[in-house]
Amino acid sequence: MFAEFAGKILEYFVERYRVHFVLDVSCNSVAQKIYVELNNTVPCVRLLNATHQIGCQSSISGDTGVIHVLESEADLEWPLSKGPNPPYMVLLESSLFTKSIMMKMKNASSRVAGVVVVQKTSPPEFSPHTTCPNENTGVYTETYDHNLAHCNTTVWNPRGNGLSYEEFDSPVFSLKEDNETEVIKQCYFDHNRVVNGSGLQYPLCAMQLFSHMHAVTDTATCMRRSSMDFSTSPVMVCDPLGGYNVCAFIRPYNSTAFGHKENESVVIAAARLDSRAFFLEDSTGAEGSVSGFVTLLAAAQALREATQEAPPTRNILFAFFHGEVFDYIGSSRMVYDMKNNMFVIDLDNVHSILEIGQVAVRSGTNLFLHSDPVSRRNNTVHDEVTNLVKNLQSSTAGLNFSLVETDFSQPLPPSSFQRLLRARAIPGIVLADHQTDINNRYYESFYDNAAHLNLTYPSNLSPEEQLEFVTDTAKSLTEVATAVARALFKQAGGNNSQVNKINADPKTVTQMLYGFLVRSNNSWFQAVMAPELKDILQPNPPQYYVGVAKSSHQANALTYLVQYLLANLTGTATNLTQSQCKKPDELPNESTYLYSYLWVQGVVPPNSTQRESFCVRTAVRLVKAVSPAFDLGDYISKEYSTWTKSQWKFIKARIFLVASRDLEMLTLGVGVAVLFTSLLVTYFVRTKADVLFSSVREPNNAAY
Amino acid sequence: MTAAVFFGCAFIAFGPAFSLFIFTIAKDPLRVIILIAGAFFWLVSLLLSSLVWFIATKATNAQDLTLQKNLLIFGSIFSVILQEVFRFAYYRLLRKANEGLAAISEEDGPPLSVREMAYVAGLGFGIMSGAFSMINTLSDSLGPGTVGMFGDSQYYFITSALMTLALTMLHTFWGVVFFEGCERKRWWVIAVVLCVHLMVFSLSLLNPFYVASILPVYAIMLLMAVWAFFSSGGSLHNITLLWTCRKSNAETSS
């Protein structure tokens, strides 16, 4: 209160009242005159693995640069060589966010203090990922097959420029096109534009970015530094990436009984959950991951009735792997658990695997079946694969597409199946929309969004109507899901007469696409979620980056969404009350060994405001997906993923004006002059005080 | 803005006060005590006036900006009046203390004259007032940015420092003049000091028209300096004495 008043007095002694006179309790109104904080920024952060560090780093007290809005690649001359006030903070639009421009700025790091990317229109193609994703942790190593290693035969992502895996020692931030960006551009146009012939006038508009990362070099170094603190609560410098896989058996097993199950044969249906972008928090993943797992979710729903009426001979495991972008975290973990008897089945129980890859961007009417040529040299495996192909191809009868096998000599695309193959020669197929290299022009970038899948809704629909509207993309994915479900049913030994009754529901598919790519906060997702988790539903799509493995049993939004959706689509509603749902073991027919019981919100009936919540009995489980390298303590592992994310203290950005060096030096000069003058004058007056002040000591009577 | 501006403004604002402290106050512990007590008295006056302002703002509508602005002006005027009241209170306290100090002093008579106490008390008020005006601004001047984003003048830091310097010196001179006036029972002096203080405050409201605010304040400071010089025993004769003394010294030594 005291300081507030003093601050206000100060403000009035030196500044006249302005319209934006702020009265909130911030003792620092001077700072408010100087800085404009930017709140909606997404930084590029540092990731480390066994050998490298990638990503961006700022200095510990932030990096400051004069703002320069880049207009074209030729305009780079200004910040790199011609501009008179380095260092510069380069602001560029997303169309100029290319590898050549970023590399030029990386090399001139003394003149470029940082880069800010403003997201605007999508370029025609852009993939910051590598050309050969996960090349060292898949199955194609030098020993497996020399010719197929390192994408020698097929380069899967030819448009990849590897920008996500470069290391930058200046901060790179991303901004959306909104009010804050307007403020920045206005500041730039007011102060930083070169007026022909007269040069730049101070004060100039500048920006400061803080994104100092604690971890350096590689994972082994940062893990060693984290554990060196011997206190009870060690300070971590970096965190391993990871999350949870979502798994559901059609016929669940006792979840406490690990290891081999006698006479059990399981068909695994797999899909990938996660995705990434250059700016990790901005990960969309429409074609890269959503197309695959939405198809698998729809297939799981389609299979529900048929498998309950007439359970097939083999079991089916729906596995949604998380962390696959970062060297197959989820699938390598599951294989490790299977090999070490930490999972309910082991590798001997696995009969075959069908994986759904990227399936939404077709370049024709065909989808393609990829298989591994090396394992197929074994006749048994070859026969099984041929059988699986036959089941798949016959499942497209009556649908508007057909499935074509790819060339025999072509290896598998990057997929979770490769990790299973690394452990055992299991027959399997990866379903994808590309025959050779991928069709995804925006693989692992933030342009792989709803627009990329042509997910368009008529403009006059409300959000709830958009949720129900069946788009063309949804229709084509529904057909794929139907084919997948039928093939799985046949593969699991189901009764052939039931096959044609298996159909995926286009309404479910379109609702899922809407929820995962447009808005996650819609009525269906609200109905399906648990009450305590309803806050993870936002008015924008969820985020697909796997994130760090949390020590508490908390997963990220995407994992919970998939878990609860799978529970809703494959589980059964029960009559249990909420307290019974928490402790179902007390009831005679329920068992938490086999099932998990989830209390979900339910729908709001038309004439009331209360939700009809209920308890779902489901076989869906979350299985921890952290790379085995961290359990084994092998941080330089070449076998498993060693990705970690650095920790940081704070990340922020702000803009302000900078004054000319001349004015600063003038201030300092005046100050020094005043100080010396006052010292001299005071000394002089003091020595001559008895002359100047005729009676320094007053006579005694004046003191009373 | 940067370290250069930080040190420049710090030297401008606190340079004279610092040199006065080093050369005239630091060696005598009694003067140090009176300086700090004077600073404390100023602080208490600011506390009480801020209490009044705080109650006034909380009791009224925070969204009405004109009203808040007027409340601030009212609060500041009240603060000026309260500072002068506390100056008077400090004078009375020092007079009483002087009797006690004279009784226990080893020397004959009081250890400090009223004039010296006036100067030290005024300086105490000035230093504390300057500190409160300037420290906040100084800490922000260390960052990389300067004022101006919202249309304020970029000379903000220098002018704040200059105003603080003027205010510190003004408080010192007011202290001298005020105590002298109380000593000689010239009560009109108190009224004049109060009026000049209010005038300086209202001039500061003219910021950022720095020409209209800083130049008049410095003019007032010079006038007050002259008045304080005369009221503390100086005269034109002394100055001419000084000058001829130096001249004669220079002659004799050459």
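Predicted model: local features only at pLDDT ≥ 70, side-chain atom pairs only at ≥ 80, totals over all residues.
1. Start with helix 7 and helix 15 of chain A. Helix 7 spans residues 286-309, and helix 15 spans residues 557-570. Their axes come within 9 Å and cross at roughly 25 degrees. Angles under 35 degrees count as roughly parallel, so helix 7 of chain A is roughly parallel to helix 15 of chain A. The crossing is right-handed.

2. Which residues of helix 7 and helix 15 of chain A make the contact? Helix 7 of chain A contributes A:Phe293, A:Leu297, A:Ala300, A:Gln301, A:Arg304 and A:Gln308. Helix 15 of chain A contributes A:Leu558, A:Val562, A:Leu565, A:Leu566, A:Asn568, A:Leu569 and A:Thr570. By class, the contact of these two helices has eight nonpolar, four polar and one charged residues.

3. Next comes the three-stranded sheet of chain A. This sheet is open, with the order 19-21-20 and antiparallel pairing. Strand 19 (572-574) and strand 20 (596-600) of chain A are the edge strands, and each pairs on one side only. From one strand to the next, the twist averages 35 degrees.

4. Look at one pairing in that sheet. Strand 20 of chain A pairs with strand 21 (residues 614-618) of chain A in the antiparallel sense, over five bridges. A:Val600 has A:Phe614, in strand 21 of chain A, as its bridge partner.

5. Helix 15 of chain A also packs on this sheet. It touches strand 19, strand 20 and strand 21 of chain A. The direction of helix 15 makes about 100 degrees with that of strand 20 of chain A.

6. In which sense do strand 7 and strand 9 of chain A pair, parallel or antiparallel? Strand 7 (residues 112-119) and strand 9 (residues 172-176) of chain A pair in the parallel sense, over five bridges. A:Val115 stands opposite A:Val172 of strand 9 of chain A.

Notes. Residues numbered from 1 in each chain as written. Chains lettered and ligands numbered in written order. Heavy atoms only, no water. Axes fitted to C-alpha atoms, helices over the stretch in contact; angles between N-to-C directions. Helix = DSSP H or I, 4+ residues; strand = E, 2+ residues; numbered from the N terminus. Parallel < 35°, antiparallel > 145°, perpendicular 65-115°, else oblique. Left-handed = near helix turned anticlockwise from the far one by under 90°. Contact = heavy atoms within 4.5 Å. Nonpolar A, V, L, I, M, F, W, Y, C, P; charged D, E, K, R; others polar. Pairing = 2+ DSSP bridges.
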